[in-house]
Structures are given as C-alpha cells and as structure tokens.
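Trainee: I want to go through a model and ask what lies behind each label. Please put the sequence and structure up.

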Amino acid sequence: MKFGVLIFPGSNCEHDTYHMVSKVLEQPAQFIWHQSEDLAGCDAILVPGGFAYGDYLRTGAIARFSPVMGAVKKFAASGGLVLGICNGFQILLESGLLPGAMLKNQGLKYVCRHVCIRVESSATPFTVSLRKDQVLNIPIGHMEGNYYADAQTLSQLERNQQIIFRYCTTQGEITDVANPNGSLFNIAGICNEGRNVLGMMPHPERASEKILGSEDGLLIFESMVRSMAHAV
Amino acid sequence: MRSEAEAITMITEIQITPELLAQHNLTEEEYQRIASCLGRQPNLTELGIFSVMWSEHCSYKSSKVHLKRLPTTGPRILQGPGENAGIIDIGDDYAIAFKIESHNHPSFIEPYQGAATGVGGILRDIFTMGARPIAAMNSLRFGPLTQVHNRRIMEGVVAGIAGYGNCFGVPTIGGEVVFEESYSQNPLVNAFALGIFKKNQIFYGRASGVGNPVIYVGSKTGRDGIHGATMASAEFDEESESKRPNVQVGDPFMEKLLLEACLEAMKTGAIVGIQDMGAAGLTCSTCEMGSRAGTGMEVDLQFVPQRETGMSPYEIMLSESQERMLLVAEKGREEEILQVFRKWEIDAVVIGWVTDDAILRVKHFGQVVAEIPNRALTDEAPVYHRPLKPPEISPATSPVQLDLPGPEGGQGKLDFNEVLGRFLRSPTLASKEWVYQQYDHMVRTNTAQLPGADAAVVRIKGTDKALAMSLDGNGRYCKKDPRRGAQIAVAESCRNLICAGAQPIAATNCLNFGNPQKPEIMWQFSEAIDGIAEACLTFETPVTGGNVSFYNETLGEGIYPTPVIGMVGLIEPIRDGRGSWFVDDGDMIVLLGPLIDPDCAYSKAAKETLRSCMRWIPLEEDLYARWANLLPCPPIDLQQEKRVQTTCLEGIRSRAILSAHDCSEGGLAIALAEMSFSHFTASAKGATIEIPGAHALENVLFGEYQSRILVTVKDHDLPVLERIAHTHSVRITRIGKVGGNQLRIFVDGSLVVSQDVHDAEKGWRTSLGHYFD
C-alpha cells in the first residue's frame with residue numbers, strides 16, 4: 001500500500017506523517033510536491049497539517065489552487081482514499097471535497113492538547129479497525145477548528161452518518177466541556193458521501209507510538225491499510 | 001536610476017555633531033577611535049555601520065572581559081562561543097546546536113512582534129548551521145498580573161511566540177514564566193532553540209575562497225528595524241513608545257520556506273559559508289563572515305531585493321528586516337543554489353563576492369559608499385573594563401524589609417492548608433497550562449515529556465537517545481547574592497535534567513542585567529559570571545555560547561540581575577527517562593538531601609515573614625512571589641549538590657527510582673503537591689507524608705533548601721537506593737507513601753496539611769487563566 005504525503009509551502013507535519021507511515025506502519029510512502037499533477041501511483045493520499053501558504057487569506061484558501069489538488073480531486077472522484085489532518089482537513093473543506101467551513105476556535109486562541117474523540121461510525125475505510133463509540137485519545141493543535149455548516153448540511157451529515165469523530169469526555173459523553181473549540185455538534189472529523197475522503201482536526205500521527213503517550217491514532221492508519229488490502 | 005545613485009552618494013559628506021553621535025549611541029572617544037581605524041572621517045553610512053557593530057548588543061564591549069572566565073571546553077564540544085550557536089557531539093554521528101537569546105527591549109515596545117521575531121532570530125541561528133530545529137523553549141518574566149499593562153504584555157508575548165513557532169513547525173516544549181514587580185517596566189523574553197544534524201553536515205558563517213559569489217536570500221529588505229541593535233543597547237525612557245517602528249515584523253511562513261530551502265541548498269554541496277541576518281542585518285553578516293575567514297567582501301546594494309523604493313545605503317545596511325540569510329557559494333556552482341531557492345519561491349540574488357583584502361567594501365550602483373577593514377568592526381571594537389563596585393550594604397545580609405501596610409502578623413495561628421492553597425494558585429507557582437496550550441508542543445512527533453515536567457524531553461528518531469532541556473533563572477536570589485544565585489540557577493537546571501533521567505552535558509546562558517555603566521550593576525554581572533563558571537565546572541557542563549542583554553532599565557530603575565541558564569542533557573537509553581509524578585499507589589516517597597537547615601539566615605527569615613504576608617497580602621496577589629521576595633538567597637554547597645544529583649541519576653539507571661521531582665520553588669509541600677497532580681491520562685494520586693521531629697512548619701513545608709530531590713521507589717527497591725546514597729554520603733529520608741485522594745502531611749505526629757488533591761489541582765491548573773478571563 002503506497003501512501004502519498006502532499007507538501008505545500010508551509011506544511012509542517014509532512015515529516016511526522018511520513019515517519020508514521022514508513023517507520024511505524026512500515027508501509028511505502030512518498031512525498032508529493034504541490035506543483036505536481038501526478039500522484040505517483042499512490043493508493044492513498046495524506047494531506048498533512050501545518051500552515052499551507054502561511055494560512056494567509058484563510059486556512060486552506062490558497063492551497064486549494066495548487067496543481068496537486070486537481071489531481072487529488074480526480075483521485076477522490078474515482079474512489080481513492082484521501083485523509084486530511086488538521087490543516088489538511090481545512091484544505092479539503094476549501095477544495096469542496098468535504099462540506100462546511102472552519103471558524104476560529106471559540107476561545108480565539110491556538111489550542112494544543114490531548115483530547116478524547118468518539119468513533120461515530122466504523123463504516124468507513126478509515127475506521128474499520130475501530131468500534132462504534134470507541135474513545136480515542138488523540139491530540140489537537142489548531143487555531144481554526146471550530147467546524148461550521150448550515151443546518152441543512154448538518155442534518156445531511158447526520159442522516160448519512162458522515163460525522164465520524166466527535167469530541168467527548170474520557171467516558172465517551174458528548175458535552176460542551178469536552179468540546180475544545182466550539183465546533184458544531186462537537187464535530188472533530190467528517191467524511192464525504194462516498195466515504196473515501198475523511199477530514200479530521202486531531203492529529204493521529206501524533207498518537208501513534210508509545211513514547212508519544214498514545215497509540216490510538218495508529219488504528220486509523222491500520223484501518224486504511226486493511227481496507228485497501230480488501231479492495232485489491 | 002543613475003541619478004538616484006548620485007543623489008544618495010552625495011549625502012555622504014556629513015558634519016559630525018554631538019547630536020549625531022548621540023543618535024548613534026556612540027561616545028566622543030568611540031568616534032575618535034573610528035576615525036583612527038579608518039584614517040579619515042567616516043561618512044554617514046560608515047558611521048551607521050560602526051554604531052551597530054560597536055553597540056553593546058553586537059560587540060559585547062562591556063561583558064567580553066568577564067565572559068572569558070566561563071568554561072567553554074569539554075570532550076563533547078564541537079563548537080564553542082563565537083559562531084551562530086554552540087555545537088555538541090551526542091554520539092552516533094549526531095550533533096546538536098543550541099542557543100538562547102534575549103528579545104527584551106522589542107517585546108516591551110511591541111509584545112507580539114518583539115517576541116515573535118525573538119523566536120525567529122534564534123531559529124535562524126540554529127538552521128544557519130545546517131541543523132533542523134526540533135525544540136524551542138522560552139524564559140519569560142513579567143510584572144504582577146494584577147496590573148493590566150503586565151497582562152497585556154504577557155498576552156502579546158505568548159501569542160507572538162505561539163504565532164511564530166507554531167507556523168514554523170517547531171515544538172515549544174518548555175521554559176519558565178516568572179512574575180515579579182522588578183520586570184513590570186522591563187519584561188524579559190529569552191528564546192531558546194535546539195536543532196539536530198549529522199556531524200558531517202555542519203555549516204559555518206565563514207566567507208572562504210576569494211572570488212566566491214555572495215548570495216542574498218530570503219525576504220526583501222525594508223526600512224523596518226533600523227537601529228534595533230542600538231535600541232537594545234540603551235535604557236528606556238518615556239520616549240520608548242515612539243521606538244515602535246524600530247521593532248521588526250516577523251513572517252514565520254517565510255522563515256519555514258527559508259529553513260527548507262537552506263537545508264535543501266546545503267545538500268548540493270555548493271555552499272561554502274552561511275550566516276543569518278539578525279541584529280544589524282546585512283552589516284553584521286558581511287563583516288563577520290569575512291572576519292572569521294580572514295577575507296573581505298564586496299557587495300553592491302543595487303542588487304539587494306528591496307521592499308521599498310529609494311532606500312539609502314545607510315538604510316539598506318542597517319535594516320533588520322527578518323527572514324534573510326547571506327550565503328557564500330562555490331564559484332561556478334551558484335546556479336545549483338539559486339535553483340533550490342527558485343523552487344521554494346524565495347528571492348536569491350548574487351550581490352557580490354569574496355575578496356582577499358579583509359575589507360568590507362559596500363557599493364551602490366558601482367560607487368563605493370563604505371569601505372571599512374573587517375577588523376575595525378569586529379576584533380578592534382572597543383572593549384571596556386568597566387568599574388565594579390559591590391553595594392554598600394550587602395543585600396545578602398541586610399535585614400528583611402517588610403513592605404507591608406501594617407505591623408507583623410503577631411501570634412495568630414497559621415492555617416497551612418490555606419497557605420498551600422494560596423501558594424498553588426500564585427501565578428509564579430501555578431500551572432502554566434494557559435501559556436503552553438497556546439504553543440504547538442507536539443509537532444515533529446518527538447515530545448516524550450509534555451510541558452509541565454521538570455525538563456522538556458524530545459526523543460531522537462532512529463536512535464535510543466532523547467534530549468532533556470531546561471531553562472532556569474532566579475532574579476530574586478541573584479538580587480540578594482548574584483554569585484550564589486547564579487550557582488543555584490545552574491544547579492537547578494542540572495537537577496531538572498537529572499530528574500528526567502538525563503546526564504547534563506552543556507549549557508547556554510542569557511544574561512539579563514541593568515546598565516553596565518553603573519559599577520553596582522557591573523559588579524552583579526561579574527559575580528554572576530563567577531557563580532556560573534564555578535557551577536558549570538562542578539557539573540562539567542561547559543557553556544557553548546549565549547547572549548548578554550544589558551540596559552534592562554526603565555527610568556533608571558534596573559531589573560533584578562537575571563542570568564538564565566539553558567541546560568541540555570542526554571537520556572540514553574531512552575528507557576532511563578522519568579516523569580515527575582507519582583506512579584502507583586503504595587510507592588514509597590523518599591527525599592534525597594536535607595530536610596531542613598534550621599541554622600541558616602534563610603530559615604529564620606522565612607518563619608518571620610509568612611505570617612505577615614498571609615495577613616496583609618490581598619487574595620488576588622501572587623502571595624508566593626511576595627513572600628519569596630522577602631527572603632534571603634538560600635545557601636548551596638556545589639559538591640553536596642553534585643552528590644545528590646549523582647545519587648538520583650544512579651538510582652534511575654539502576655531502575656530503583658520510578659519518578660523524581662526537583663524540590664525548589666515553594667519547597668517540599670509544593671513539590672509533593674505537584675507530584676500528586678494528574679498527568680495526561682493518569683489521574684491525581686494523594687499521599688501520606690510523615691516528617692519526624694519538631695520543625696518550624698514554614699521552613700519544613702515551604703523552605704527552599706537546595707540540593708534536594710523527591711523520588712518514588714517500590715518498597716523492595718529502597719535498599720538499592722540507600723546503598724547508592726550512602727556511597728555518595730547523601731542523606732536519604734523515607735517520608736511517606738503514595739495513595740488515596742488526599743495529600744496529608746504530618747509533622748512530628750500532627751496533621752498540618754490535608755488537602756483533596758483534585759481540588760488542589762483545580763486551583764493550581766486554572767489560576768493563571770483567571771487573570772485573563
């Protein structure tokens with residue numbers, strides 16, 4: 001299973017994501033430069049976190065025009081797996097691959113800390129190795145993670161079970177206190193209708209080794225490997 | 001174009017007036033020296049160049065003679081002071097570069113940008129050597145948070161550090177935040193960065209190879225930051241607000257691109273030397289690179305990318321626009337380098353070449369606008385043996401002055417539960433979560449110890465090593481006794497690393513002092529240097545470099561002398577790493593080092609003072625800071641300290657010690673409370689402590705006796721630790737057991753502290769944030 005890790009000017013989690021895939025998951029990985037229109041035969045695309053184009057104008061607003069995003073859109077349309085993490089999620093929103101938008105965190109400050117998220121659906125290629133209602137300990141680090149969508153979009157997300165992760169307490173309860181950024185419905189991650197594109201604000205690559213305090217994030221990448229193996 | 005150039009060169013004939021020299025912060029004697037170095041009168045551009053290179057900030061003219069007393073050599077040192085950063089060998093072909101630098105003055109004038117560009121500058125110092133930054137820390141000092149202007153400064157500084165470091169992609173993983181009235185008009189912002197590289201990938205700031213092209217890369221040059229270095233070399237007055245345009249503006253996105261492009265360009269093998277343009281910008285980088293290599297440099301400013309039109313040579317040479325670098329390439333291979341920068345969409349332009357005459361020659365549209373021997377700017381810069389004078393009444397022995405509204409508290413019974421609670425909520429001791437949650441402290445996925453531990457720890461991928469680092473200063477000790485205070489700063493820094501399971505290997509320092517032209521200040525400085533030197537020799541941690549920040553005075557009022565020590569240690573193998581929290585119920589709690597020293601002056605003062613503070617200091621104030629400020633500097637015996645540290649590290653390596661915590665600010669009770677609090681997914685754990693013998697409670701609970709470490713061990717491992725302690729003649733006292741939901745402390749059989757650890761933690765964790773609600 002070959003993973004492609006996109007690099008935009010200003011990406012800063014590309015090495016972390018690459019390390020996790022190649023050294024922890026022991027799967028082939030390749031960097032893909034933002035000006036490339038060729039995804040190099042990758043089986044899955046990871047859009048890493050960071051500050052693509054310095055987050056100037058609006059998070060993800062400039063990155064969506066990169067040549068590589070055209071290729072990613074085609075890849076997604078043909079059913080390829082795309083996972084956007086943090087800034088990667090914001091880029092997928094701006095590109096229209098996922099619905100909704102991000103507002104500044106409710107506290108108007110950057111927040112970096114471990115949070116708990118609850119798995120809302122195991123029926124995606126990213127969550128097949130997880131149980132519904134399972135609680136994962138995965139850190140966040142962002143200034144704009146306050147997910148917003150209009151009422152119609154939200155009800156559509158709920159109806160189609162496109163909400164995949166929600167911020168929760170350690171016991172798995174969805175509460176305001178457990179919500180670190182004011183995100184609507186405590187949304188931490190959503191997928192598209194085709195269920196092959198996932199965006200999430202928490203950083204699973206930061207929770208994939210024992211020394212980092214949690215290995216829960218690894219389960220998401222293992223799910224991807226498992227799904228792709230089945231698909232072949 | 002031609003006419004513009006002519007217009008600029010025409011203004012070079014100037015009249016040297018006392019006002020002009022004052023504007024450039026040069027004395028009449030210094031001016032005479034300039035004229036004799038040149039053998040003629042300087043033009044305005046040259047005067048500007050001299051003024052920044054001879055400023056305190058760039059020349060170290062007041063500190064140089066003292067800094068020579070610091071130990072700078074050791075088997076691991078690959079590069080000591082004098083380059084952009086010091087370099088240490090950590091084995092297996094890996095090396096690390098690290099340094100700390102102050103950005104105090106800009107941060108007072110413009111907190112966000114001042115702090116942000118401080119972070120940017122120190123990061124460039126690291127990656128200009130070829131190392132990728134993997135960790136950042138900050139030592140911050142502000143006035144009390146009860147004053148709105150201190151809150152405004154702190155909020156801006158923290159946001160600036162976050163804004164820059166987070167975007168750049170370096171984890172900000174530790175440091176210190178201290179509150180004290182003395183920093184109200186002069187906050188301290190000291191930024192530390194550490195990077196890693198292979199030993200054979202080190203780059204230096206040297207312009208070698210006559211005829212090699214000089215390449216300017218990075219942001220365009222603007223009028224921002226002109227005379228930043230000169231500003232940092234003078235006291236503040238009421239006019240300081242108007243210096244805001246002297247503060248540079250940072251662009252972390254550009255810095256991130258510059259990092260990636262520089263590291264990629266270094267891989268071509270075509271780079272001969274590289275230096276960042278920090279303080280004094282193009283001036284400093286051109287003459288220092290030439291000076292180090294014994295060469296000269298000729299540059300033509302018409303090729304320098306410019307943000308604004310009509311900039312004079314004076315402005316271009318003195319601009320401190322951020323995110324710029326100067327490279328020297330191998331002749332004929334410049335295209336390989338330019339290509340990398342084009343890929344990253346960064347300006348890169350050949351602006352001159354290396355010459356053999358050891359002269360900095362600056363042209364503008366082909367006409368010479370400055371011509372100065374490098375030596376005049378660097379080696380021949382003035383060096384001052386400024387007069388030293390100890391204060392008339394030694395602050396170490398002067399009686400405690402209670403600056404409190406009423407008489408001393410009298411005989412009323414003190415509630416030590418209440419004292420502990422208020423201490424835990426005092427901003428100086430409270431959790432700094434409000435600060436570090438704004439910093440991305442996990443990017444690069446190496447953070448093995450979350451902020452809040454004794455030391456910050458990052459693992460090194462692909463090895464069985466981790467690095468521990470700590471920043472420590474104690475202005476209030478140094479005010480009383482600068483030499484001993486400095487020793488304690490070094491000792492505490494090492495102790496923090498030891499608790500994390502690391503062997504301290506090298507230090508950097510940031511020396512924040514007042515006006516060096518005052519003999520008392522210079523005496524403080526000299527004493528502090530001796531203290532650092534003695535302690536660093538004892539702990540075998542050479543100083544690899546650092547930074548001196550003088551003139552930390554506003555309206556003639558100096559700050560507490562504040563040397564800040566940045567210590568780096570090595571954890572190897574990684575399994576030797578330890579946290580500073582209770583691990584399991586039933587574990588034994590053991591104190592390494594003395595319980596109390598009842599005879600020292602410190603003990604007597606502590607007892608007197610606490611009662612009055614509890615009575616007179618309003619609830620919203622930093623009770624701890626007010627109390628501690630009234631106390632003398634505690635004694636320290638460096639040899640004893642070393643034995644305690646060795647015992648702890650051997651105890652960790654023998655696997656007897658499960659966790660270890662430095663017992664310093666706030667004493668034993670605070671250290672125990674901190675060990676009991678929740679950490680990550682582990683919940684809070686109480687403990688029962690029994691301290692034998694009758695002691696003054698103020699001292700046994702909160703006394704800041706040095707050379708003490710609290711550790712936890714399993715019952716059956718205690719004999720192992722006892723043996724190690726006896727070998728090193730270290731006192732070891734079993735004081736209690738982990739368990740329950742209460743922190744209960746018995747002294748001589750009476751229960752004096754009984755707190756629910758969850759409640760205590762809540763107060764400690766949320767206190768700082770309440771000041772900003």
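Trainee: What makes β9 and β10 of chain A a pair, and how do they run?

Mentor: Strand β9 (residues 163–168) of chain A is joined to β10(A) by 3 bridges, and the two run antiparallel. Two strands pair if DSSP finds at least two bridges between them, so 3 bridges are enough. One of the bridge partners in β10(A) is G189(A), which faces F165(A).

Mentor: Before going on, note that this is a predicted model: local features need pLDDT of at least 70, side-chain atom pairs count only at pLDDT 80 or more, and totals for chains, interfaces and linings use all residues. Residues are numbered from 1 along each chain as its sequence is written, while chains are lettered from A and ligands numbered from 1 in the order in which they are written.

Trainee: Which strand lies on the other end of the bridges from β10(A), and how many bridges are there?

Mentor: That is β11 (residues 197–200) of chain A, again antiparallel and again with 3 bridges. G189(A) has M200(A) opposite in β11(A). The hairpin of β10(A) and β11(A) has 5 residues between the strands, and R195(A) in it takes a positive phi near 65 degrees.

Trainee: Why is β10(A) described as largely enclosed?

Mentor: A residue is buried if 20 or more other C-beta atoms, placed from the backbone, lie within 10 Å of its own; it is exposed if 12 or fewer do, and partly exposed in between. In β10 (residues 187–191) of chain A, 5 of the 5 residues are buried, so the strand is largely enclosed by the rest of the structure.

Trainee: What makes G79(A) exposed?

Mentor: G79(A) has 12 other C-beta atoms within 10 Å, so it counts as exposed. G79(A) sits in the loop between α2 (67–77) and β4 (81–85) of chain A.

Trainee: What does G79(A) touch?

Mentor: Leaving out residues up to four places away in sequence, G79(A) touches G194(A) and N196(A). Touching means contact, with C-beta atoms placed from the backbone lying within 7 Å. G79(A) and G194(A) are 115 residues apart in sequence, yet their C-alpha atoms are 7.5 Å apart.

Trainee: Is E665(B) buried or exposed?

Mentor: E665(B) has 22 C-beta neighbours inside 10 Å, so it counts as buried. E665(B) also lies in a loop, between β23 (657–662) and α24 (667–676) of chain B. Not counting residues up to four places away, E665(B) touches L429(B), I670(B) and E704(B).

Trainee: How do you know that chain A agrees with a compact globule?

Mentor: The radius of gyration is taken over C-alpha atoms, and the globule rule is 2.2 Å times the number of residues to the power 0.38. For 232 residues the rule gives a value near 17 Å, and chain A has 16 Å, which agrees. For the 773 residues of chain B the rule gives a value near 28 Å, and chain B has 27 Å, which agrees too.

Trainee: How many helices and strands does chain B have?

Mentor: Chain B has 27 helices and 28 strands, whereas chain A has 5 helices and 11 strands. Buried residues make up 61% of chain B and 56% of chain A.

Trainee: What makes the span of helix α8 of chain B close to the expected one?

Mentor: The expected span is 1.5 Å times one less than the number of residues. Helix α8 (residues 111–127) of chain B has 17 residues and reaches 25 Å from its first C-alpha to its last, close to the expected 24 Å. All 17 of the 17 residues of α8(B) are buried, so this helix is largely enclosed by the rest of the structure.

Trainee: Which strands form the open sheet in chain B, and in what order?

Mentor: The 6 strands follow the order β1-β2-β3-β6-β4-β5 (chain B), with mixed pairing. Its edge strands are β1 (77–79) and β5 (172–179) of chain B, each of which pairs on one side only.

Technical notes
Helix = DSSP H or I, 4+ residues; strand = E, 2+ residues; numbered from the N terminus. Contact = placed C-beta atoms within 7 Å.
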